[in-house]
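Take a look at this protein with me. We'll go from the whole chain down to a single residue.

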Amino acid sequence: MWSVPHQVRIFLAREPVDMRKSFHGLIALAESVLVQDPLSGHLFVFINRRRDRLKVLYWGGVGYCIWYQQLEEGSYQLPDAQAADDEAGLEITAGQLSLILEGIDLSSVRHRKRFQVSDQHRDTPSSRRS
């Protein structure tokens with residue numbers, strides 16, 4: 001589908017969203033529900049109640065962009081809600097987003113342990129390479 005740089009974070013809204021919402025409505029949800037800055041360059045994923053439509057909002061450098069997909073058959077399988085600790089949003093990886101879009105059941109996927117930089121080191125100037 002698309003390549004997501006490792007610096008870009010992906011936030012998934014767990015509650016269903018009215019897909020009639022466009023730029024301003026999704027921007028407001030990114031700020032209020034996901035508690036994130038929509039100008040950050042990160043991806044914000046929203047799904048409808050039937051789980052057959054998905055929108056991704058992101059800042060494209062000169063304006064907001066929306067990527068929209070409607071399934072002709074089937075539905076999206078989302079990550080386990082228990083892992084989110086009762087928060088309205090959930091941070092997912094680019095791999096998980098790819099699996100969601102491909103229709104793969106995330107509960108049957110086995111994720112092997114890999115090294116990950118902690119959040120506290122992710123945003124420090126010394127961890128960025130020029």
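## The whole chain

Of the 130 residues in the protein chain, 28% are buried, where buried means under 20% relative accessible area, exposed over 50% and partly exposed in between (1.4 Å probe, protein chains only). This is a predicted model: local features need pLDDT of at least 70, side-chain atom pairs count only at pLDDT 80 or more, and totals for chains, interfaces and linings use all residues. Residues are numbered from 1 along each chain as its sequence is written, and side-chain values use heavy atoms, with hydrogens and water left out.

You'll find three helices and five strands here, in the order β-α-β-β-β-β-α-α from the N terminus. Helices (H or I, at least four residues) and strands (E, at least two) are DSSP runs, numbered from the N terminus. Among contacts with a separation of 6 or more, 57% join residues 24 or more positions apart; a contact means heavy atoms within 4.5 Å.

β1 has two neighbours to look at: it pairs with β2 in the parallel sense over three bridges and with β5 in the antiparallel sense over four bridges. Two strands pair if DSSP finds at least two bridges between them. Ile10 stands opposite Leu43 in β2, while Leu12 has Leu90 in β5 as its bridge partner.

Which way do the β1 side chains point? Ile10 and Leu12 go one way, Phe11 and Ala13 go the other, and all are buried.

The largest nonpolar core holds 16 residues, and Ile10, Val45, Leu54, Tyr76, Ile92, Leu97 and Ile100 touch the most other members. A nonpolar core is a set of buried Ala, Val, Leu, Ile, Met, Phe, Trp, Tyr and Cys residues joined through side-chain atoms within 4.5 Å. The elements giving two or more residues to this core are β1, β2, β3, β5 and α2. A second, separate core has twelve residues, including Phe11, Val17, Met19 and Leu34.

Zoom in on Val45: leaving out residues up to four places away in sequence, it touches Ile10, Phe11, Leu12, Ala13, Leu54, Lys55, Val56 and Leu97.

## Histidine 42

His42 sits in the loop between α1 and β2. Why does His42 count as buried? Because its relative accessibility is 13%.

Not counting residues up to four places away in sequence, His42 touches Gln7, Val8, Arg9, Phe11, Leu57 and Tyr58. A polar atom of the His42 side chain lies 2.9 Å from the backbone nitrogen of Arg9.

How values were computed
Polar contact = N/O pair within 3.5 Å; in protein donor to acceptor, adjacent residues only side chain to side chain.
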